[in-house]
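User: Hello! I am new to this structure and would like to look at a few of its charged pairs. Could you walk me through them?

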Amino acid sequence: MSVEFNHTIVLSHDRENSARFLAGILGLEVGEPAGMFLPVTTANGVTLDFATVGTDIAPQHYAFLASEDEFDAVLARLVEGGVPIQADPHGRHPRRINRNDGGRGVYFTDPSGHGMEAFTLPYGSDPSSPLNGVTEDVPGAC
């Protein structure tokens, strides 16, 4: 058997709120609670187990590879939901997406402050793309 990434715990201020937010944006389902965890499973079988904690949470980064059609749907849900988006993780390009590697990418923050990212091509898949560093405005975006 090859080694595979199976699951991770996502600390949150409110597991229900955070799990439902991410599942809604990504078009996924929230699973049945398992003890202190509320799972959201991606298409490749990786589970994000959301857990409510009563302490400060250090922001983490979670990135999701999506097809072009899935990305369109994610972006539409972000815009419709009034979720602020940006083309980079540092917030230098608000209300925009990036075109890195010839694909598209967007960053947004979940209710507990984690940095979320959806993108259509893995990093480095086309380092010579003329679109690297290019950003595009998203009409109606926050």
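Analyst: Gladly, let us begin with one pair. The side chains of R99 and E136 meet in a salt bridge, 2.8 Å from N to O; the term stands for a side-chain nitrogen of Lys or Arg within 4 Å of a carboxyl oxygen of Asp or Glu. This is a predicted model, where local features need pLDDT of at least 70, side-chain atom pairs count only at pLDDT 80 or more, and totals for chains, interfaces and linings use all residues. Residues are numbered from 1 along each chain as its sequence is written, and side-chain values use heavy atoms, with hydrogens and water left out.

User: How many residues apart in sequence are the parts that R99 and E136 tie together?

Analyst: R99 sits in the loop between β5 (96-98) and β6 (105-109), while E136 belongs to strand β8 (residues 135-137). Strands here are DSSP runs (E, at least two residues), numbered from the N terminus. The pair therefore ties together parts whose separation in sequence is 37 residues.

User: Is R99 buried or exposed?

Analyst: Buried means under 20% relative accessible area, exposed over 50%, and partly exposed in between, with a 1.4 Å probe and protein chains only. E136, at 32% relative accessibility, counts as partly exposed. R99 has 16% relative accessibility, so R99 counts as buried.

User: Which residue meets R92 in a salt bridge?

Analyst: R92 counts as exposed because its relative accessibility is 59%. The side chains meet at 3.5 Å, N to O, and the partner of R92 is D88.

Terms used:
Helix = DSSP H or I, 4+ residues; strand = E, 2+ residues; numbered from the N terminus.
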